[in-house]
Amino acid sequence: MSVNSPAMKAASHESILARLQDDIDRLPNALARIAKYILENPEKVLHQSVAELERVLFNPVHILRL
């Protein structure tokens, strides 16, 4: 199976989302808020820029740290 196949991409996204879910309680408040937004909007986030996320979540530095 190719690394760029739809199945591999989906598995990778699920793995990232699972890691965020597992780590959310250990994140500082600002990062936890971003992680929660990502978990609630995984498809939307894929197509948003940092600037668009900033408008939703307000601090781009935290987005880049995550």
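Is arginine 19 buried or exposed? Arginine 19 is exposed, at 59% relative accessibility, where exposed means over 50% relative accessible area, buried under 20% and partly exposed in between (1.4 Å probe, protein chains only).

1. Basis of the note. This is a predicted model, in which local features need pLDDT of at least 70 and side-chain atom pairs count only at pLDDT 80 or more, while totals for chains, interfaces and linings use all residues. Residues are numbered from 1 along each chain as its sequence is written, and side-chain values use heavy atoms, with hydrogens and water left out.

2. Salt bridges around aspartate 23. The structure holds 3 salt bridges, each a side-chain nitrogen of Lys or Arg within 4 Å of a carboxyl oxygen of Asp or Glu. Aspartate 23, partly exposed at 23%, pairs with arginine 19 at 3.6 Å. These two residues lie 4 apart in helix α1 (residues 6-23), so about one helical turn separates them. Aspartate 23 also meets arginine 26 at 2.6 Å, N to O; arginine 26 is exposed at 62%.

3. Lysine 36 and glutamate 40 form a salt bridge at 3.8 Å, N to O. Lysine 36 is partly exposed at 47%, and glutamate 40 is exposed at 52%. Shared partners, by contrast, join Arg19, Asp23 and Arg26 into one network.

4. Helices here are DSSP runs (H or I, at least four residues), numbered from the N terminus.
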